[in-house]
Each structure stands twice: as structure tokens, then as C-alpha cells.
Amino acid sequence: MDEASNLLQFDKSALVEWLGRAGHKACRARQVMHWVHQRGVADFEAMTDLARPLRAWLHDHACVQALPVLAEQRSRDGTVKWLFDVGAGNAVESVFIPEASRNTLCVSSQAGCAMACSFCSTGAQGFNRNLSSAEIIAQLWWAEFTMRAALGLPDGERAISNVVMMGMGEPLQNYGALVPALRLMLDDDAYGLSRRRVTVSTSGVVPMIDRLAQDCPVALAVSLHAPDDALRDQLVPLNRKYPLAELLGACERYLAHAPRDFITFEYCMLDGVNDTPGHARSLIELMRGRFPWKCNLIPFNPFPGSGLRRSSPQRVAQFAAMLADAGIVATVRKTRGDDIDAACGQLAGEVLDRTSRRGARVVPIAAAGAAPSALPGHSA
């Protein structure tokens, strides 16, 4: 028998094609998707509305293969973090975040990350490889049905209402696997999520933002973190390849296809680095007269070796107030799961680094008003 195909890898069109090559009708794909993605069933014999010959064929040629769970941690605030084994000594993390009006799953797209953003512990771990579509969806599959059972939800009621591609990795650098996974998340025969409730976060891979607008436009969040190119070059090295003018142009083009009428900018608040009133004024000026946008201010979550500190609550509040006074919607992200290292920027997993990033010497970033100091060079 050939190696079994993991059904978690197929979006609907791929599943129809795969089944069709073996002579099975296209309508069977919908039935199989219901069992796998809506009911969480991995045993083909339990798929009772499938004909016996099809069940037997699936038993011989297919599987529903979840990722092995190396660890599960539960925070005092209800956040749950899983560490998933993706083989060859690599592991990725996913986080379930419960809130009053929604339950969000933060999903990883790569084992590690090559972007090397200075405020992110994932980047400090280095990069090993892209995840497959099956490995991306397996995080959602496991979390959905684990939390349905944990929350005691009735049949058919979803545990997860929102997915954010904000875990380990740069999603748009794994585009070929990302898009089929997004299509499964959106498919009414799978997870049935609204485009407004699926968010891709990017550090600014401009060509792929344009491709996503055409192929599968979902909500877009951009890791901005600085109001000018000089500072963003230090914080987000990808800016050296796609500077702010190009990034903002791509964001404006994306809005014509986006499910929301604004772009979200994420801004990690770093003490003395990007959090002064001068930085707020520069950000307001940068965006003046441009497209609709919202700013999500993120308290920095420290990790060893970063050389950075969290802005004070007073400084964050002042920054938010200045944006609000300028007519900009600014929110401050509530830190969740920090007691289990599940908060924004803390996901690190276990990565066999191929980039020599791990352990690189940290060069402090200049505080406001000081001469800029360069970070170690990284090509995007």
C-alpha cells in the first residue's frame, strides 16, 4: 500500500481532485470534510453515511493525522497553550484565548521564523522549515475538538470563532501552504469561519500581500512597530527590503479586496525605543490622509537576551491618547497567558535552527534621542 494521505492537507478542490483520481464522486468530498472537520472523526468506519467500499478505500489510502502533543499548559486566565511535535527535533506552539464574545486560536505557520524581529522570542530561536497545510490545520483541528470537549459544548457548536495566523513564523513566507489552510478555515463544509474572523499577520512581505488580496483575502494585520524607516529597519529587518512606502502602498491595494474596511497595525511598545510622544506624532503624520486603519498597541513581553523593556502603563496610555485625539482608533492589547509564556511575542517552541540566529549577540537599540545603533545584519 502507498503511504496514506493525511486528509488534513486537502482543501475542498484538492480533495475532490484526489478522490476523483480514484473514481469517487465529487460529492463525497463534502461528506468526508463534514466528518473530519465538523465532527472531528478520524475513524473511517465511524463515517456511517459513506458507502462501505469508500470507507474501505479510505482505510487503505488515507488517514487523519493530528500532530503529537508534547505539552499542554493552562493559564490562570483560561488561556491554553499546546506544544506540537512537527518532527526532526522541531516543535511549534498554538494558543487558545477565551474571551467573553469570542474564542481565538493563535496558529503557527513555520518552525521558527527567519524575520529576526528584535522584540519577538520566536525570531530569536531561528528558523528551520515551513509547516505543511496539514500541520497548520492540525493545530486548529486539535484545538477545536479538544476545547469542545473541555467546555462541554453541544454537538455542532464551535469552540473557536476566530483564528489569527500570529503564532510562530511569517505566514506570507509560507504562502503555498497557507492559502489551502485558509480556504479550509473558511469553507462552510469545514470550519465555516467568516473572512472577518480569520486574520493573517505579516511583517510586511509586500508581493505576497498583493497575492493574498487576489487569492484569499482575509483580515490583515501588519506588524508596524515604528513610524519611520530608520527605526523600523532596526526592529523589523524586512523593512530594508520592503520599506514603509512600499508596505503602505500594498496595504492600500489590499483594502479593495479585504473583508474589513480598515487595516490593523500592530505596534509593540518598547520602553525608550518607539514609545515617546515624538514617535506618536510621527506615526500620526505618517498615516495622515491615507487609508482607514486601526492601531493595536501591544505591551512588550520580555524574554531573555532581548535587551528590551516593556513601556510603562502610563507611557502606553499617553501614546494611545495621542492617537485617539488625532481621530485614530487605538486599542491596547490585553496580555493573556503570560504566566505560561503564551502572550504575544513569547512563543518560542523548539527549533533546530538553520539560520545561526539562535544565540546571536544582542546589540541594544538606541533609545529615543540617541544615535541609532545597528542590529546584527540580516537579509530578508
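1. Contact here means that heavy atoms lie within 4.5 Å. The model under discussion is predicted. In it, Val 36, His 37 and Gln 38 of helix α2 meet Ile 137, Trp 141, Phe 145 and Arg 148 of helix α5. Sorted by class, the residues of this contact are four nonpolar, two polar and one charged.

2. For α2 (residues 27–38) and α5 (residues 133–151), the angle is about 65° and the axes are 10 Å apart.

3. The largest nonpolar core comprises 115 residues. Leu 7, Leu 58, Leu 182, Met 185, Phe 265 and Leu 283 have the most contacts inside this core. Beyond its neighbours within four places in sequence, Leu 7 touches residues including Leu 15, Trp 18, Val 36 and His 37.

4. Trp 18 belongs to helix α1 (residues 12–21) and Trp 57 to helix α3 (residues 52–61), so their pairing ties together parts 39 residues apart in sequence. Both Trp 18 and Trp 57 are buried. Together with Phe 10, Trp 18 and Trp 57 form one aromatic cluster.

5. Charged side chains also lie over rings. The charged end of Arg 39 sits over the ring of Trp 35, 4.1 Å from its centre. Lys 294 lies over the face of Phe 262, at 4.1 Å from the ring centre.

Methods:
Residues are numbered from 1 along each chain as its sequence is written. This is a predicted model: local features need pLDDT of at least 70, side-chain atom pairs count only at pLDDT 80 or more; totals for chains, interfaces and linings use all residues. Side-chain values use heavy atoms; hydrogens and water are left out. A nonpolar core is a set of buried Ala, Val, Leu, Ile, Met, Phe, Trp, Tyr and Cys residues joined through side-chain atoms within 4.5 Å. Buried means under 20% relative accessible area, exposed over 50%, partly exposed in between (1.4 Å probe, protein chains only). Helices (H or I, at least four residues) and strands (E, at least two) are DSSP runs, numbered from the N terminus. Rings of Phe, Tyr and Trp (its six-membered ring) pair if their centres lie within 6.5 Å; planes under 30 degrees apart count as stacked, over 60 as edge-to-face and the rest as tilted. A charge sits over a ring if NZ of Lys or CZ of Arg is within 6 Å of the ring centre and within 35 degrees of the ring normal. Axes are lines fitted to C-alpha atoms, for helices over the stretch in contact, and angles run from 0 to 180 degrees between N-to-C directions. Ala, Val, Leu, Ile, Met, Phe, Trp, Tyr, Cys and Pro count as nonpolar, Asp, Glu, Lys and Arg as charged, and the others, Gly among them, as polar.
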